[in-house]
Amino acid sequence: MEHSAAELLLRRDRWIVGGGLLLLCLLCWAYLLAGSGTGMSVAAMTSWQFPPPAAEGLAGGSWGAAYWIVMLLMWWIMMIAMMVPSAAPMILLYARVYRHGQEAGAELSPVVPTAAFTAGYLLAWLLFSGFATGLHFVLEASGLVHRMMMWSTTTVLSGSFLVAAGLYQFSPWKNRCLQECRSPVQFLSTHWRKTRIGALRMGAEHGVFCIGCCWSLMLLLFAGGVMNLVWIAGLAAIVLLEKLHRFGHQVARGAGAAMLAGGLYLLVYKVW
């Protein structure tokens with residue numbers, strides 16, 4: 001039986017899905033490097049120093065509607081750039097499982113349902129980005145986060161975020177969510193739903209587990225710099241190792257111990 005060129009292309013869905021995820025990540029990183037629409041230089045907001053160079057906060061500013069959108073997009077695109085690489089194995093496995101369902105009457109290609117699964121995942125992170133944007137506004141308005149550099153202006157805030165993130169790394173909620181993220185086969189077997197709407201819901205559920213696993217790490221950007229590429233890349237690497245390395249749980253605990261030590265150092269020795 002002969003197949004059209006379109007059908008043959010759709011049968012190479014692994015390449016389509018993998019290439020699409022790679023392109024999405026590259027575009028998101030390019031957007032971050034270009035300043036995320038803020039008009040700021042990413043190089044100026046990037047520093048290896050921690051705590052970041054002292055800068056007096058610019059409090060009391062208000063955001064217009066356009067700036068709220070810019071900041072929401074900045075956070076969302078940053079989350080996509082940081083999280084999609086670690087979610088790629090789950091997305092690719094979903095496409096593979098769906099593809100093997102063809103013989104049972106599924107569509108020829110899993111590209112569309114896989115796109116729905118990915119969209120659900122990204123929508124979950126959009127909700128988190130809305131929360132992060134609101135918190136960003138509050139911290140900036142109170143002078144705790146610098147308006148231009150987007151990093152903490154006080155050692156107390158930086159230390160508190162580190163201690164909170166470190167403690168969360170050892171919590172049962174972290175372990176549960178990390179286990180879900182590290183076990184794609186188990187997740188798909190227990191959450192499988194038919195139809196594209198079902199795929200969208202599955203992706204959103206996986207996104208909720210990812211948020212439960214990584215939300216405290218993402219909020220550490222306020223301590224090191226929301227647009228600090230050193231912290232963005234470093235936290236993305238931790239997330240990747242936690243989810244994909246065979247010793248991911250140990251990586252999570254090791255990172256938690258380092259965060260606790262760093263936070264307590266800032267709070268005890270730098271403040272008192």
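The structure is a predicted model, in which local features need pLDDT of at least 70, side-chain atom pairs count only at pLDDT 80 or more, and totals for chains, interfaces and linings use all residues. Residues are numbered from 1 along each chain as its sequence is written, and side-chain values use heavy atoms, with hydrogens and water left out.

Helices here are DSSP runs of H or I, at least four residues, numbered from the N terminus. Leaving aside residues up to four places away in sequence, Trp125 has contacts that include Trp76, Cys210 and Met218; contact means heavy atoms within 4.5 Å.

Next, Ser36. This residue lies in the loop between helix H2 (13-33) and helix H3 (65-100). Is Ser36 buried or exposed? Ser36 is buried, because its relative accessible area is 0%; buried means under 20%, exposed over 50%, and partly exposed in between, with a 1.4 Å probe and protein chains only. Beyond four places in sequence, Ser36 touches Tyr31, Val70, Met74 and Met227.

I turn now to helix H11 (residues 248-271), where Tyr265 is found. Tyr265 is partly exposed, since its relative accessible area is 42%.

Finally, just after H4, Gly143 takes a positive phi of about 80 degrees.

Terms used
Helix = DSSP H or I, 4+ residues; strand = E, 2+ residues; numbered from the N terminus.
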